[in-house]
Amino acid sequence: MSRIEKALEKAVKLRDGKAADAPPEKAPAARPALTRERVFDVQTLAVENPYIITLSDPASPITEEYRKLKSMVVKLTKLGGFRNTIMITSSLGWEGKSVTAMNFAITLAQEYDHTVLLIDADLRKPSLHTYFGIAPEVGLSDCLLDEVDMGDALIKTGIGKLTLLPAGKPVKNPVELLSSDRMREFVSEMKHRYADRYIIIDTPPVLAFAETHAISTLVDGVIFVVKEGAASLQHIGNALDILKLSKIFGVVYNDAGVIDLNSRYHSGHYYGGYKPLPENVART
């Protein structure tokens with residue numbers, strides 16, 4: 001049994017079978033920001049970041065673990081119909097959720113059958129564009145606030161069939177924006193407009209910020225990342241309790257030496273690594 005499979009088994013025990021199906025979705029509403037379907041036509045990004053290990057070292061054991069994760073999630077999302085929206089999060093910051101989202105999305109997109117849209121919904125600390133080595137001008141927040149056409153914000157990576165929607169400009173109140181009806185309509189329309197592709201959403205950690213719970217109610221399922229030594233069992237239990245109305249597709253036990261969720265207790269607060277952004281500071 002692999003580390004991921006063992007972690008999944010532990011997550012099932014932690015949840016104690018309490019996860020329930022997500023509430024029914026509202027019918028998709030028409031939004032001008034999504035009326036066109038076009039993306040920047042760019043050549044394959046020259047990604048050199050070592051954290052994108054599925055590209056930098058495709059023969060590594062870690063890349064193979066991502067392939068196992070992909071296989072399990074594909075099976076889960078195709079049971080009883082195609083469930084294409086997946087949120088990736090963690091209890092705390094610095095547990096590897098963004099790295100997991102990125103490598104998981106790449107692994108999916110490299111398969112012939114799968115087209116993937118990766119969305120950076122961590123408006124407090126967006127990072128996906130930096131991993132890809134790009135400086136986007138607009139993104140998710142611009143689509144929601146200014147009705148920028150999503151086609152103007154999408155970045156076709158040339159990595160398999162992977163497209164990126166970056167976070168966009170900084171906003172003062174991410175929780176209000178990502179919990180709004182605009183966000184609900186945006187996700188609902190993406191889910192139905194792109195019904196044949198996976199939509200992977202990277203969010204802030206669960207315990208620190210309320211918008212993650214709001215987004216979890218919009219997606220078909222959640223992949224929960226746990227970094228060894230970073231989150232205690234209490235942290236994990238509290239986070240899963242917040243997500244109890246969402247379907248947990250599985251748990252990724254990240255940066256693991258051995259499988260031992262009981263041996264470490266992290267006493268820090270929930271906001272590690274997350275600080276308010278100064279006003280008028282452009283993200284690069």
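Trp94 is exposed, with a relative accessible area of 60%. In this predicted model, Trp94 occupies the loop between E1 and H4, and its phi is positive, about 65 degrees, although the residue is not a glycine. Most residues other than glycine have a negative phi. A further positive value is found at Glu147, also a residue other than glycine, where phi is near 55 degrees. Glu147 belongs to the loop between helix H6 (140-146) and helix H7 (150-153).

The strands form an open sheet of 7 members in the order E3-E4-E2-E5-E1-E6-E7, and the pairing is mixed. Strand E3 (155-156) and strand E7 (248-254) take the edge positions; each has a single partner strand, so one side of each is left without a neighbour in the sheet. Strands of a sheet pair through backbone hydrogen bonds, either parallel or antiparallel. Within the order given, E1 stands between E5 and E6. Strand E1 (residues 85-90) runs parallel to strand E5 (residues 198-202), to which it is joined by 4 bridges, and Met87 is placed opposite Ile201 of E5. With strand E6 (residues 221-227), E1 pairs in the parallel sense over 5 bridges; here Ile88 faces Ile223 as its opposite residue in E6. Elsewhere in the sheet, strand E2 (residues 116-120) and strand E4 (residues 162-165) are likewise parallel and share 4 bridges, with Leu165 of E4 as the bridge partner of Ile119.

Strand E1 is mostly covered, since 6 of its 6 residues are buried. The burial extends to both faces of E1: Thr85, Met87 and Thr89 are buried on one side, and Ile86, Ile88 and Ser90 on the other. Helix H4 (residues 97-109) lies across E1, E2, E4, E5, E6 and E7, and runs at about 165 degrees to E5.

The largest nonpolar core comprises 41 residues, of which Leu140, Leu165, Met190 and Phe224 touch the most other members. Helix H9 gives the most to this core, with 4 residues. A second, separate core holds 34 residues, including Ile53, Leu108, Tyr131 and Tyr198. The contacts of Leu165, with residues up to four places away in sequence not counted, are Leu117, Leu118, Ile119, Asp120, Gly139, Leu140, Met150, Ala153, Leu154 and Phe186.

The buried residues of H9 are Met183, Phe186, Val187, Ser188, Glu189, Met190 and Lys191. An α-helix has 3.6 residues a turn, so residues three or four places apart point the same way.

A search of the whole structure finds 2 aromatic pairs. In one of them, the ring centres of Tyr51 and Tyr131 are 6.0 Å apart and the planes meet at 70 degrees, so the pair is edge-to-face; planes over 60 degrees apart fall in this class. Tyr51 lies in the loop between helix H1 (3-15) and helix H2 (53-56), and Tyr131 in helix H5 (residues 128-132), so the pair ties together parts that are 80 residues apart in sequence. Tyr51 counts as exposed at 53% relative accessibility, whereas Tyr131 is buried, with a relative accessible area of 19%. The pair of Phe82 and Tyr198 is also edge-to-face, at 4.9 Å centre to centre and 85 degrees between the planes. This pair links distant parts of the chain, 116 residues apart: Phe82 is in the loop between helix H3 (61-77) and E1, and Tyr198 in strand E5. At 32% relative accessibility Phe82 counts as partly exposed, while Tyr198, at 1%, counts as buried. Tyr131 and Tyr198 are both included in the second core.

Technical notes:
Residues are numbered from 1 along each chain as its sequence is written. This is a predicted model: local features need pLDDT of at least 70, side-chain atom pairs count only at pLDDT 80 or more; totals for chains, interfaces and linings use all residues. Side-chain values use heavy atoms; hydrogens and water are left out. Buried means under 20% relative accessible area, exposed over 50%, partly exposed in between (1.4 Å probe, protein chains only). Helices (H or I, at least four residues) and strands (E, at least two) are DSSP runs, numbered from the N terminus. Two strands pair if DSSP finds at least two bridges between them. Contact means heavy atoms within 4.5 Å. Axes are lines fitted to C-alpha atoms, for helices over the stretch in contact, and angles run from 0 to 180 degrees between N-to-C directions. A nonpolar core is a set of buried Ala, Val, Leu, Ile, Met, Phe, Trp, Tyr and Cys residues joined through side-chain atoms within 4.5 Å. Rings of Phe, Tyr and Trp (its six-membered ring) pair if their centres lie within 6.5 Å; planes under 30 degrees apart count as stacked, over 60 as edge-to-face and the rest as tilted.
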